[in-house]
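Hello, and thanks for asking for a second pair of eyes. Please have the model open while you read my notes.

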Amino acid sequence: MNVYDGELVTGLLLSDGFGITQEAEDADVILINTCSVRDHAEQRALGRLRSLGALKRKQPHLVLGVLGCMAERMQETILKTAPDVDLIAGPDSYRQLPEIIRKHLNGSFGKFSIVPGDAGEDFTDIMPSRGNGINAYMAIMRGCNNYCSYCIVPHVRGRERSRHPDDIIIEIERSVEEGFPEVTLLGQNVNSYKWSDLGFHELLDRVSRVSGLKRIRFLTSHPRDLSEELIERMVMGGNICPSLHLPVQAGSDRILKLMKRRYTRSEYVSKIHKLREAVPDIAITTDLLCGFPGETENDFQQTLDLIGEVRFDDAFTFKYSPRPGTAAAAMEDDVPEAEKVERLERMIALCRKYSDNSRKEMIGREVEVLMESVSPKNASEWTGRTGCGRVTLVPGAYKQGQLVRLKVEKVLGFSLWGNPVLTV
Ligand code: 5AD
Ligand code: SF4
């Protein structure tokens with residue numbers, strides 16, 4: 001979502017006449033997009049702001065801005081730690097950025113400004129400036145109503161709001177015209193997308209009919225809202241990719257309840273069984289969180305046990321970081337830091353074992369790879385991704401966006417490697 005927001009802000013400024021520089025020293029305006037999900041990300045952004053503050057003291061005309069969730073959450077801390085900052089703009093306020101930046105540039109603002117947000121903002125009609133020519137990120141909704149007890153997102157990104165389906169389709173058609181063969185539909189909880197009577201699976205139907213669109217991905221899905229209808233759409237396949245990111249967070253029902261996730265471990269596992277029965281080739285990835293308040297060694301063992309039961313194709317692993325203002329912040333953060341680190345390492349090692357296995361199981365199978373670019377490590381090979389999202393290396397020269405059918409012959413680190421069998 002932050003990558004997409006960065007593209008939105010870039011698109012907004014480019015269409016207003018701004019340009020992009022490659023070096024910070026050449027810029028008149030520097031904007032930093034920030035994340036508040038964990039303390040570590042915030043500390044890094046503050047560090048970066050301090051070093052840019054030093055640049056600003058050398059180049060006083062520079063306009064320095066902080067965007068994103070941190071801008072929403074910690075205005076006072078930012079101004080205290082990085083007094084050189086000129087403007088602070090949370091995730092719902094970007095539409096006003098060009099005007100406010102211009103005021104700063106021509107000196108009509110003496111000091112910093114905090115840009116007010118618009119709670120209903122969905123940025124429809126702003127065309128993002130997209131990166132790689134392959135995958136177009138596309139927000140279909142913003143905000144979240146779930147209030148998982150550890151999570152800052154609903155506090156900084158506001159209530160859930162879905163975009164009009166016609167606007168989504170128009171934006172996808174435009175991105176296909178610009179040459180993007182793939183779209184990733186984004187939302188904090190895409191399964192709860194709703195516009196009047198139209199739910200997420202019906203939106204997917206419409207998106208899958210966009211002519212020329214080769215691949216559709218979406219994230220993130222919430223296990224509780226993953227519907228039978230969505231599973232049916234994945235069975236139909238077509239241009240809907242057989243991959244699903246389904247964060248589970250923990251394996252202990254007691255912890256899941258404290259996290260306010262609103263599903264039990266067995267409900268989660270039975271959805272996974274249904275998905276795998278329905279779409280045997282599906283790649284399932286997840287998010288895992290250890291060291292939540294009150295997590296005992298026994299609770300944590302249940303997370304490890306769940307990892308072994310589900311055998312995720314990949315996982316993002318985190319240690320709990322208390323976020324001020326969330327429900328969990330009121331609980332005692334009682335798992336010692338050293339224990340959190342140790343649990344995180346155990347979780348990473350186990351997940352690595354299953355992700356290595358899942359890549360090895362691909363050897364000998366035929367897959368379809370969407371070509372992205374010449375391999376950065378070897379000019380005689382191209383790199384692309386399978387429908388499941390696995391990075392794949394292929395000898396030869398191709399066109400960006402070309403689909404190539406190949407047989408996987410080996411695994412090289414985190415990548416698959418194979419020779420083409422038939423070019424589609
Ligand atoms: N501490 C650590 N990880 C967190 N996440 C969300 N909030 C926190 C937190 N307070 C993780 C969850 C979520 C992912 C995006 O970030 O696993 O799914
Ligand atoms: Fe945060 Fe839960 Fe919403 Fe995901 S679903 S953004 S974890 S509150």
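The points below go through domains, aromatic contacts and a ligand shell.

1. Ground rules. This is a predicted model, where local features need pLDDT of at least 70 and side-chain atom pairs count only at pLDDT 80 or more, while totals for chains, interfaces and linings use all residues. Residues are numbered from 1 along each chain as its sequence is written, chains are lettered from A and ligands numbered from 1 in the order in which they are written, and side-chain values use heavy atoms, with hydrogens and water left out.

2. Domains. The domain assignment gives domain 1 (2-115), domain 2 (135-360) and domain 3 (366-423); such bounds come from an automatic or database assignment. Between domain 1 and domain 2, the C-alpha centres are 29 Å apart. Their contact (heavy atoms within 4.5 Å) takes 16 residues from domain 1 and 17 residues from domain 2.

3. Aromatic pairs. You will find six aromatic pairs in the structure. Rings of Phe, Tyr and Trp (its six-membered ring) pair if their centres lie within 6.5 Å; planes under 30 degrees apart are stacked, over 60 edge-to-face, and the rest tilted. One of the pairs is Y268 with F312, tilted, at 6.4 Å centre to centre and 50° between the planes. This pair links distant parts of the chain, 44 residues apart: Y268 is in helix α11 (residues 265-278), and F312 is in the loop between α12 (297-310) and β14 (314-319). Helices (H or I, at least four residues) and strands (E, at least two) are DSSP runs, numbered from the N terminus.

4. Burial of that pair. Y268 counts as buried because its relative accessibility is 1%, and F312 is buried at 2%. The cut-offs are under 20% relative accessible area for buried and over 50% for exposed, with partly exposed in between (1.4 Å probe, protein chains only).

5. A charge over a ring. K410 lies over the face of W417, at 4.6 Å from the ring centre. The criterion asks for NZ of Lys or CZ of Arg within 6 Å of the ring centre and within 35 degrees of the ring normal.

6. Ligand 2. Which residues surround ligand 2? They are C144, N146, Y147, C148, Y150, C151, V153, P154, Q188, H222 and R261, with a heavy atom within 4 Å as the cut-off. By class, this shell has seven nonpolar, three polar and one charged residues. Here Ala, Val, Leu, Ile, Met, Phe, Trp, Tyr, Cys and Pro count as nonpolar, Asp, Glu, Lys and Arg as charged, and the others, Gly among them, as polar.
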